[in-house]
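Subject: Structure handover and salt bridges

Hello,

Here is the structure for your files. Please open it alongside the notes below.

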Amino acid sequence: MDVYSEYNTEKEKFIVCNTLNKYLIKKDKLNFYKQETTEKHAEGLIKDLEQEISELKKRRSEVEQLSRSQDHLHLLQSFSSQKAAPPTKDWRGVSVRPPSYEGTVVRAVAQLEETLRKLMKKKLFEAELKRVQQYAVDVTLDPDTANSKLILSDDEKQVHCGDVRKKLPDNPERFSPCPNVLGKQSFSSGRFYFEVQVKGKTDWDLGVARESINRKGKIELTPQDGFWTVWLRNGNEYKALAGPPVPLCLQSGPEMVGVFVDYEEGLVSFYDVGLIHSFTGYSFIHKLHPFSAPLIICPMVPSSGHGRVHRHKMRRLSFAQCSFLSGFEFLET
């Protein structure tokens, strides 16, 4: 275990212990309050009962003194002048119940279980992400596929949208008029994974495409047409383009999106801080290429199949308002 992972493990242990400690302190305070309330109630009942007993003893003493008198006339006169016996309470239905802690304990345990469930979910996702990142590949742009308004850097690692269309050969590989570009690398077996920076974008398309796709005119981004993609529109409308599109619920805009493909399993999955969406059950028979509208490809270390390969942690940030074709960069690894 490296230092970073060890730090995260210790941090999570601290969070669990701290959460449990808070619940126990809260529970003790509530128990003390309940105990104190019960004791005050019992003390009040005891005080009332002692008062009644005192009054009855006093009354008994007065009656006993009268009963010893030999003067019957005085006895009758004194007895008739005595006040009525003091009223007494029916104590048969009175009880003091000990405070119940069942509800408090149940709520504390439920809250602790929820905290642990979230931590376990996070750990499981981190393990899954680490697994797919073992298949990281280095992706570069293919200038022969780039729309004529897209400007590529000399090292084919960056792209942005120009103001005018360049005069380029209208070869069959080039997208027109859609402002898209494919990755130069193609894959016809095995597994591969790459990450794309989407921070600051209000519209984007991302996924993989079959090499034999149509690149001219109107393009339908569906699996039936050779595209396995997700997109963002209007800054907050996420969809998996499964034909018909499937709305995706992302509470906040991701900063990075990872794309994982298992060619033999017919699987394409998208990751953020959790699994965004998976296309499953497809039979790939053509080469697949990374596909995107202009975005930024994150630096990845090509993996031999083992060990950690990523150079950053994926997290969520809110989107800044930005134009759709603001830049697409493949960084050196």
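The notes below cover salt bridges.

This is a predicted model, with pLDDT of at least 70 needed for local features and pLDDT 80 or more for side-chain atom pairs, while totals for chains, interfaces and linings use all residues. Residue numbers run from 1 along each chain as its sequence is written, and side-chain values use heavy atoms, leaving out hydrogens and water.

The whole structure holds seven salt bridges (a side-chain nitrogen of Lys or Arg within 4 Å of a carboxyl oxygen of Asp or Glu).

Helices are DSSP runs of H or I with at least four residues, strands are E runs of at least two, and both are numbered from the N terminus.

R117 pairs with E114; their closest N and O atoms are 2.7 Å apart. R117 is partly exposed at 44% relative accessibility, and E114 is partly exposed at 32%. (Buried is under 20% relative accessible area, exposed over 50%, partly exposed in between; 1.4 Å probe, protein chains only.)

R131 pairs with E128, with 3.0 Å between the closest N and O atoms. R131 is partly exposed at 33%, as is E128 at 25%.

D205 bridges to R233, closest N and O atoms 2.8 Å apart. D205 is in strand β5 (residues 204-210) and R233 in strand β6 (residues 227-233), so this pair ties together parts 28 residues apart in sequence. Both D205 and R233 are buried.

Best regards
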